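User: I'm new to this one and I'd like to learn how to read it feature by feature. Could you walk me through it?

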Amino acid sequence: MDYSSSRWRKKRLHILKKDKFICQVMKWYGLREEATIVHHIYPADEYPEYRFCDWNLISVSANGHNKLENRLTGELTDLGRWLMEKTIPGQDWRTSKEKYSI
């Protein structure tokens, strides 16, 4: 995935705006942190067909990102795998009746 591409930069900004620049993961913990990162729920390397889908992208802070992905190995954490299992391809979790909470 080329994170420096124009297409990704536009998509990243779109998702951050959609989530109001608020970390969606830390929100589950009742905390409010500024989101600066857009995380792929289904990893872009394993699921390239989902890399630009809004439903597969979530705004997170550095803390929130660390809760979803091991920053040393790039592997999903238990919480990251849980989020992936809860997310149904093609269904936008933002408009789902079932709100994610841990």
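Analyst: Take Y47: at 23% relative accessibility it counts as partly exposed. This is a predicted model, where local features need pLDDT of at least 70 and side-chain atom pairs count only at pLDDT 80 or more, while totals for chains, interfaces and linings use all residues. Residues are numbered from 1 along each chain as its sequence is written, and side-chain values use heavy atoms, with hydrogens and water left out.

User: Which residues of helix α4 are buried?

Analyst: In α4 (residues 78-86), they are L79, G80, L83 and M84. Down the axis of α4 they fall within an arc of 140 degrees, so here too they line one face of the helix. On the other side of α4 you'll find D78 and E85 exposed. The packing partners for the buried residues of α4 are α2 (24-28), β2 (57-60) and α3 (62-68).

User: How should I read the nonpolar core?

Analyst: In soluble globular proteins, nonpolar side chains tend to be buried together. A nonpolar core is a set of buried Ala, Val, Leu, Ile, Met, Phe, Trp, Tyr and Cys residues joined through side-chain atoms within 4.5 Å. The largest one here has 23 residues, and V25, I41, I58 and L68 have the most contacts inside it. The elements giving two or more residues to this core are α1, α2, β2 and α4. Leaving out residues up to four places away in sequence, V25 touches I58, V60, G64, K67, L68 and L79.

User: How many aromatic pairs are there?

Analyst: A pair of aromatic rings is described by the distance of the centres and the angle of the planes. Rings of Phe, Tyr and Trp (its six-membered ring) pair if their centres lie within 6.5 Å; planes under 30 degrees apart count as stacked, over 60 as edge-to-face and the rest as tilted. The structure holds 8 such pairs. Y3 and W8 make an edge-to-face pair, 5.4 Å centre to centre with 85 degrees between the planes. Y47 and Y50 are stacked, at 5.9 Å centre to centre and 5 degrees between the planes. Y42, Y47, Y50 and W55 form one aromatic cluster.

User: Where is K20 found?

Analyst: K20 is in the loop between α1 and α2. At 63% relative accessibility, K20 counts as exposed. K20 has a positive phi of about 60 degrees although it is not a glycine.

Conventions. Buried < 20%, exposed > 50% of the residue type's maximum accessible area, 1.4 Å probe, protein only. Helix = DSSP H or I, 4+ residues; strand = E, 2+ residues; numbered from the N terminus. Arc of directions from axis to C-beta. Contact = heavy atoms within 4.5 Å.
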